[in-house]
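The sequence and structure come first.

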Amino acid sequence: MSAKTATALTEAEVLALPAMTTAEQAFAALGIGRDLGYKLIRQQEFPLTVVPIGRALRVRRVDLLAFLGLENSDAARGPALTASSERNTDTAAKQNGSAR
């Protein structure tokens, strides 16, 4: 059996993760292997809060971004805020009976 080397995710891949990432996605973002990641969780030494959802373990993307220093990245804020504000503008226009 050979040891598997963990390859860290790129910044773009980390920014594209869902709001609640799997533990294994978090491990990849941190550049650590699956065995080490689960060992750190068991020993309560994992650097991020792990949220158990049923049998699945999740990590909040916002915590991961903050840990990696990416929380202020334009890509971390931009698309989600833009889409949300456009949606709110569309909804308000529909409620007022006006079109954009």
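Two strands count as paired if DSSP finds at least two bridges between them. Helices (H or I, at least four residues) and strands (E, at least two) are DSSP runs, numbered from the N terminus. This is a predicted model, in which local features need pLDDT of at least 70 and side-chain atom pairs count only at pLDDT 80 or more, while totals for chains, interfaces and linings use all residues. Residues are numbered from 1 along each chain as its sequence is written, and side-chain values use heavy atoms, with hydrogens and water left out.

**Overall fold**

- The protein has 5 helices and 3 strands.
- From the N terminus on, the order of these elements is α-β-α-α-β-β-α-α.
- Of the 100 residues in the protein, 22% are buried; buried means under 20% relative accessible area, exposed over 50%, and partly exposed in between (1.4 Å probe, protein chains only).
- Among contacts with a separation of 6 or more, 43% come from residues 24 or more positions apart; a contact means heavy atoms within 4.5 Å.

**The sheet**

- The 3 strands form an open sheet in the order S1-S3-S2, with antiparallel pairing.
- Strand S1 (20–22) and strand S2 (50–53) are at the edges with a single partner strand each, so one side of each has no neighbour in the sheet.
- On average, neighbouring strands of this sheet are turned by 45° against each other, direction ignored; axes are lines fitted to C-alpha atoms, for helices over the stretch in contact, and angles run from 0 to 180 degrees between N-to-C directions.
- Strand S3 (residues 56–60) is antiparallel to S1 and is joined to S1 by 3 bridges.
- Within S3, Arg58 is the bridge partner of Thr22.
- Helix H4 (residues 61–68) packs on the sheet and touches S1 and S3, with its direction at about 55° to that of S3.
- S2 and S3 also run antiparallel, joined by 4 bridges.
- Opposite Pro52 stands Leu57 in S3.
- S2 and S3 make a hairpin with 2 residues between them, and Gly54 in the turn has a positive phi of about 65°.

**Helices H2 and H3**

- Helix H2 (residues 23–30) packs against helix H3 (residues 34–42) at an angle of about 110°, and their axes are 9 Å apart.
- H2 and H3 are therefore roughly perpendicular to each other; angles under 35 degrees count as roughly parallel, over 145 as roughly antiparallel, 65 to 115 as roughly perpendicular and the rest as oblique.
- The crossing of H2 past H3 is right-handed; a crossing is right-handed if the near helix is turned clockwise from the far one by less than a right angle, and left-handed if anticlockwise.
- On the H2 side, Ala23, Glu24 and Phe27 meet Arg34, Gly37, Tyr38 and Ile41 of H3.
- By class, this contact of H2 with H3 has 4 nonpolar, 1 polar and 2 charged residues; Ala, Val, Leu, Ile, Met, Phe, Trp, Tyr, Cys and Pro count as nonpolar, Asp, Glu, Lys and Arg as charged, and the others, Gly among them, as polar.

**Two single residues**

- Thr21 lies in strand S1 and counts as buried because its relative accessibility is 0%.
- Beyond its neighbours within four places in sequence, Thr21 is in contact with Ala26, Leu57, Arg58, Val59 and Arg61.
- Gln44 is in the loop between H3 and S2 and is exposed, with a relative accessible area of 75%.
- The phi of Gln44 is near 55°, a positive value in a residue other than glycine.
- Most residues other than glycine have a negative phi.
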